[in-house]
Every structure is written in C-alpha cells, then in structure tokens.
Amino acid sequence: QEWSKKLEKARKEAYAKEMEAKVEPSRFISGVPKGKSWVRIQTSDDIPLETVKNLAKELKISLKLQEENHVLLYGDKNQLKLFVKKMAEKLQAKKL
C-alpha cells in the first residue's frame, strides 16, 4: 500500500510537469499583450469550458475563446503555471 501511494504521487508529479511544459511564452500569438505568457488548451468532456472559465477568473487570468473548442489563456507566467497545476489535479481526481 505504501508503494502504491508513492507510485501514485510520482505519477501525479510527472503529469503536472508535463502540463507545465505546455506553457509556451516564446511564440507570438495575436491578441496577447507583450510580455504576457500564454497557454492554449482544448476543452472536452474531461476539461469543460465552464471549469476553465471559473479557474481562470479565480486566478485572474485572461482568456479568449477560439475555434474548435480551443481556449487561449494569458497572463502572469506563475499564475498560468498554477492554472496548469490545478487543472492537472482536477483531471487526476476525475480519473481516480
């Protein structure tokens, strides 16, 4: 049981790091203010738009709706990282 807990913790940390890697501040995206970081995600049944909107509002992150269920989130880099971490935790909780 102890090993199972350790493996689960390691899996969650690896997933969170993978999600953080998707924050890409280096490419130019139209409509994002200069100096702001951004991340683009695709909403789905696992990641509903309403959940994304609520978490973005809570963390004071701006968002723009795009085509084909994509959402562009932009703002402070640390807030985006926190957003990704919280979304990863929500996804992990759903899968368990």
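A residue is called buried here when its relative accessible area is under 20%, exposed when that value is over 50%, and partly exposed in between, as computed with a 1.4 Å probe on protein chains only. Helices (H or I, at least four residues) and strands (E, at least two) are DSSP runs, numbered from the N terminus. The model is predicted, so that local features need pLDDT of at least 70 and side-chain atom pairs count only at pLDDT 80 or more, while totals for chains, interfaces and linings use all residues. Residues are numbered from 1 along each chain as its sequence is written, and side-chain values use heavy atoms, with hydrogens and water left out.

Helix α2, which spans residues 49-58, has V52, L55 and A56 as its buried residues. Seen down the helix axis, these buried residues fall within an arc of 100°, and therefore they line one face of α2; the arc is that of the directions from the helix axis to the C-beta atoms. On the other side of α2, the residues E50, K57 and E58 are exposed. The buried residues of α2 are covered by elements that include the strands β1 (37-42), β2 (62-65) and β3 (70-75), together with the helix α3 (77-95). After α2 comes K60, which has a positive phi near 60°.

Two strands are taken to pair if DSSP finds at least two bridges between them. By that criterion β1 and β3 pair in the antiparallel sense over six bridges, and β2 and β3 pair in the antiparallel sense over four bridges. Y74 of β3 is the bridge partner of W38, and S62 also stands opposite Y74. In the hairpin of β2 and β3, four residues lie between the strands, and E68 takes a positive phi near 55°.

Helix α3 contains L80, which counts as buried because its relative accessibility is 0%. Leaving aside neighbours within four places in sequence, L80 is in contact (heavy atoms within 4.5 Å) with S37, W38, V39, I61, L73, Y74 and G75. L80 and K60 are 20 residues apart in sequence, and their C-alpha atoms are 9.6 Å apart in space.
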